[in-house]
Amino acid sequence: MILPVLLPFIIAIFIPFLSKWKEKFHTGIVVTIVPLIIFIYFASFFAGGFSAVTKTYNWVPSLNMNLVFHLDGLSLLFVLLISGIGTLVALYSIYYLHTTEKLGNFYVYFLIFMGSMLGLVLSDNVYALYSFWEFTSLSSFLLIGFWNHKHASRYGALKSMLITVFGGLSLLGALVFMHSITGTTSIQQMLGDSEAILNSEFFPLILTLLLLGAFTKSAQFPFHIWLPDAMEAPTPVSAYLHSATMVKAGLYLVARFSPMLSSSEWFFIIVSSFGILTLCWGSYMAVRQTDLKGILAFSTISQLGMIMAMLGFGTKVAVFAAMFHILNHATFKGSLFMVAGIVDHETGTRDIRKLGGLMNYLPMTATLAMFGVFSMAGFPLPFLNGFYSKEMFFLSSLDLSGQGDFASIVASLVPYLAVFGSIFTFVYSMYFFFGTFRGRANLGKLPKKPHEAPVGMLISPAILVLLVVIIGLFPSFINEPFISHAATAVYGADASKDIYFWHGFKLPLIMSLTVVAFGTILALTIPRWSSVYSYVPGVLSLNKAYDFTVDKSVSFSSKLTRGYMNGSLALYMKLILGAIILVSFAFFFLTDGFAIDTSQLASVTTIELIVAVTMAIAALGTIFTNNRIAAILILGVVGYGLSMLFIIYRAPDLALTQLIIETVTVALFLLVFYHLPSLNSRGESKPAKISNWIISIGFGVLVTAVAISSHSSKWFDSISSYFVENSYKLGGGDNIVNVILVDMRGLDTIFEITVLGLAAMAIYSLIKIKNKKEE
């Protein structure tokens, strides 16, 4: 199972080389094969009936850290969407992206994102999940900013990065807490020990941090503001990231931990409230947009809110409907994003005010759009999959009962808000289709004369629309082998449910007909009521709040940085040492870490006292001497005195090392004696001198306190006995110090050597540059 996850990363390594021949064959042809192979591999798990599979791969066995991949119904749903939609998007991109584009960069980012999403939904280790989570943020940042010559692309990429990474850090905090409480990094074991987390005093904090991570990633209100700006990415990116994969990562996170969290009343209140609010706000704001991808962006926000709300409901029907709608949304929304890309590609604009009447010029595209739009609207027709999950949403909203007063209020309001949000969903769906393809064509306003897209560009949206119809006509085709397994994994018990079109003339159908009736009226009268947007939201804007926060943060940071970054090395050292002193003593105080234990100390004789006093006098002498040679020699006395103490206390290896270092240091100082600065008084002010004394004495006291406390405090057993017992056994050497340096700290030592080698290369380069300038 690890190979499908690593395959996109491996192929990404070779893409820059393949892209050199992009003029002969499009790089996307090779890339399309990768998700297709992954899709076929995971689809093979259906053979002979599906059951959960867990695979463990050793990562750092000595620390009990392993890569664990768990494939159940939920992760299978997502990996098939990631690989299936990924195949269609890669195919679509072949015709959308011209070979003059930086195809190597695009497909490297694309494959890294795909591999990261696969790792995210398959990981059972929480820290592996978090690592893949952040990789999706990084790769999506690169994809959104692919057209980096555009200011809007750079702005959208940065915005998405800041918001989603903030959520990612919150998620990390929640995962660390859960690991600390349960003592395991396995998600499945955490779910099995859910009572420990639910009864923990940190549960409110865990729930808050976890949901922050999910809400930011899945563009829930008020964190939804990054998604519309991310539409500046190429359409294949929007079709992949913002309809089927990245934005659903937050939904996956909530679904994955639902068996543990759904029993909490606050989980129902928070998730349901934010989900239904996101549905209403996203659908309401979509009608305000004039850019086709802007309409689809807010429609995605509303659909994500709807799914999130159903996960918050937590009932059997709601969970099943949420899993069903995740699939349905990927089919119709993916096709609509591709349709928007085709319109842009063939007309040169996405501005709906300039469009209209395109059905006569793009008949195939218009037909595909019609199926996708009416499915998204939840129109009650048996061949539209969106209607089935929308009706289940209405049914689940009626089947709520809160345990507390506040929960009861939320439960009573949900059905009304569900209808309100769905009415505007119908309105923006009609607005998208009829504003683009019906009415009178305005060819004079279009940058390009419209014509039907190439057949290759129509294949991917046609396949998605075909799935819309097949799922609508034969829902049992994907129910038992697919949706039921996913719903069961989320619900924590059997969540199977029959899917059929006619439930009788009941309240959910009445709600659907109400949506169609009021939605039609509002869609036909948009010009008459659209002035309401000047009042709500009016001048208020979350985007303005975001821009204000970012601008003020940058301004404050710049002023603060300029305040201390003035080129004074003395000031930098004061700040660094002062911070170390404050933090260290604060830690001492908060942990009661300072201790003095005089037991097990070697006896101090007159010789040691004489050496120590000599070292102290020499150290003080370096401060007061103004002669550079004298300062070098006196400083050498300190080092050689330390070597004598090592000899006296029977540490010949350390003594030899210290002697070598001290000799080399003194020799180097003498060699560069001519270039050393004079030791004359710098004429500092009295406050500066006082601060120097305070920091010097404070740091000396700190080092002394740390030395005494480290010897006296016995927080854990000394590691020295381990080295004595195992140095020969594990390293094969009699010299314990050598074994530690070469074997037990081998990586540390090799990196130290690497740093020295890099420094030597840098010095050599500087010398060569200097010689060339002199020539």
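The largest cavity is lined by H70, V121, L122, S123, D124, I187, Q188, Y252 and R256. The model is predicted, so that local features require pLDDT of at least 70 and side-chain atom pairs pLDDT 80 or more, whereas totals for chains, interfaces and linings use all residues. Residues are numbered from 1 along each chain as its sequence is written, and side-chain values use heavy atoms, with hydrogens and water left out.

A cavity is a set of points, on a 1 Å grid over the protein atoms alone, where a 1.4 Å probe fits but cannot get out, and its lining residues have an atom within 4 Å of a point. Grid points are joined across faces, edges and corners, and the volume is the space filled by probe spheres set on the points. One cavity of 30 Å³ or more is counted, and the largest cavity holds about 30 Å³ of space. Helices α4 (103-122), α7 (187-192) and α12 (249-261) each supply at least two residues of its lining; helices (H or I, at least four residues) and strands (E, at least two) are DSSP runs, numbered from the N terminus. The lining comprises four nonpolar, three polar and two charged residues, where Ala, Val, Leu, Ile, Met, Phe, Trp, Tyr, Cys and Pro count as nonpolar, Asp, Glu, Lys and Arg as charged, and the others, Gly among them, as polar.

Strand β1 (residues 53-60) runs antiparallel to β2 and is joined to it by seven bridges; strands pair if DSSP finds at least two bridges between them. In this pairing, V53 stands opposite L71 in β2. Strand β2 (residues 65-71) is largely enclosed by the rest of the structure, because six of its seven residues are buried (under 20% relative accessible area; exposed is over 50%, partly exposed in between, with a 1.4 Å probe and protein chains only).

Aromatic pairs number 41, a pair being rings of Phe, Tyr or Trp (its six-membered ring) with centres within 6.5 Å, and with planes under 30 degrees apart counted as stacked, over 60 as edge-to-face and the rest as tilted. Y107 and F110 form an edge-to-face pair, at 6.5 Å centre to centre and 80° between the planes. These two residues are separated by about one helical turn, because they lie three residues apart in helix α4. Y107 is buried at 0% relative accessible area, and F110 is buried at 3%. The pair of F420 and F424 is tilted, since the ring centres lie 5.1 Å apart and the planes stand at 55°. Both residues belong to helix α18 (residues 405-437), four residues apart. F420 is partly exposed at 37%, whereas F424 is buried at 8%.

Key
On a 1 Å grid over the protein atoms alone, a cavity is a set of points where a 1.4 Å probe fits but cannot get out, and a pocket is an open set with protein on both sides within 12 Å along at least five of seven lines; lining residues have an atom within 4 Å of a point.
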